[in-house]
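Please study the sequence and the structure before working through the solutions.

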Amino acid sequence: MERRTFLKGSAGAAAAFTLAGCLGGGGGSGSETITIGSDIPYRPFEYETTEGELVGFDVDIAEAVFGELDYEHEFQKTSFDSIIPSLNNGNFRVIMSAMTITEDRAEQIDFSDPYFTAYQTVIVLNSSDISSKEDLRGVTVGVQKGTTGESAATSLKEEFDGDLTIQSYDQVTGAFDALRNNQVSAVVNDNTVNAAFVDQSEDVRFLEGPGAAEEQGKENAPPYLTLTVEEYGIGFRQDDDDLREEVNGALQTIRDNGTYDEIYSEYFSG
């Protein structure tokens, strides 16, 4: 059976969730299907090809982790701004959605060990006069609702004494469209997701300048402005310790055997 499946409809997802026994415990039996809540599209972490196949870094990491544990798994498309309540309501078993580990989120759910380092960054149009962080003062920036990009923009607004307008969108693609249509002057979002958009666009660039990565002494820091340094984790309900510990073990295994590096190099350079 193909391990990577994708539930597009919430009704179908709920049925599969119930029939597969996704709330059960145990491990390694191959009898359970782990349903994964994820905000899609979020290239390069989870997105659909033109043929409708679900692909991405998180998708391949899930394949490696749950394959190591001998669990079937399937992704369920979920809005990011409601993804934690949906997890806690039992709509799916775990979250894999490029989710940053934060203190606020850790009060609501538990996280796996970190599996990815990310940075909040800013992109603008090539034609823009914005050339530094200070130039963002007084403009409108686009973000995705419920993300740490939204939080980073809020912190920037506080730094600017309120002189920044934040426009939030249900999906990051809405923010990207708004940038191209001159409805916002910049987009604040994860570096790898911004990079995927920049790579596909001839009219968009990263905002450059020193930032959080340099301040924290991060090696191999991105060559553009970083507003934050963040770690991604897989999210679990707070009563699901057994599965979380199994996943942590599998994450360590795929790091040790080189699988993680192979997947990483497929999607990211450096």
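**Exercise 1. Identify the residues that line the largest cavity, then state its volume and the make-up of its lining.**

Step 1. The largest cavity is lined by Asp 39, Tyr 42, Phe 80, Ser 97, Ala 98, Thr 100, Arg 105, Gln 120, Gln 144, Thr 147, Thr 148 and Asp 190. On a 1 Å grid over the protein atoms alone, a cavity is a set of points where a 1.4 Å probe fits but cannot get out, and lining residues have an atom within 4 Å of a point.

Step 2. This is a predicted model, in which local features need pLDDT of at least 70 and side-chain atom pairs count only at pLDDT 80 or more, while totals for chains, interfaces and linings use all residues. Residues are numbered from 1 along each chain as its sequence is written, and side-chain values use heavy atoms, with hydrogens and water left out.

Step 3. The volume of the largest cavity is about 80 Å³, a volume being the space filled by probe spheres set on points joined across faces, edges and corners. The count of cavities of 30 Å³ or more comes to one.

Step 4. The lining of this cavity comprises three nonpolar, six polar and three charged residues. Here Ala, Val, Leu, Ile, Met, Phe, Trp, Tyr, Cys and Pro count as nonpolar, Asp, Glu, Lys and Arg as charged, and the others, Gly among them, as polar.

Step 5. Ala 98, one of the lining residues, has a positive phi of about 45 degrees although it is not a glycine. Ala 98 lies in the loop between strand S6 (94–95) and helix H4 (103–106); helices (H or I, at least four residues) and strands (E, at least two) are DSSP runs numbered from the N terminus.

**Exercise 2. Describe the largest pocket by volume, lining and contributing elements.**

Step 1. A pocket is an open set of points with protein on both sides within 12 Å along at least five of seven lines. The volume of the largest pocket is about 690 Å³.

Step 2. Its lining has 25 residues, and Asn 191, Thr 192, Tyr 264, Phe 268 and Ser 269 lie nearest the centre. Two or more lining residues come from each of strand S8 (116–125), helix H7 (191–199) and helix H10 (259–267).

Step 3. H7 gives the most, with five residues. By class, the lining divides into 14 nonpolar, seven polar and four charged residues.

**Exercise 3. Determine how H2 packs against H10.**

Step 1. Helix H2 (residues 57–68) and H10 pack at an angle of about 165 degrees, and their axes are 10 Å apart. Axes are lines fitted to C-alpha atoms, for helices over the stretch in contact, and angles run from 0 to 180 degrees between N-to-C directions.

Step 2. H2 is therefore roughly antiparallel to H10, a term for angles over 145 degrees.

Step 3. Phe 57, Asp 60, Ile 61 and Ala 64 of H2 meet Thr 259, Tyr 260, Ile 263, Tyr 264, Glu 266 and Tyr 267 of H10, where contact means heavy atoms within 4.5 Å. This contact has seven nonpolar, one polar and two charged residues.

Note on methods. Angles under 35 degrees count as roughly parallel, over 145 as roughly antiparallel, 65 to 115 as roughly perpendicular and the rest as oblique.
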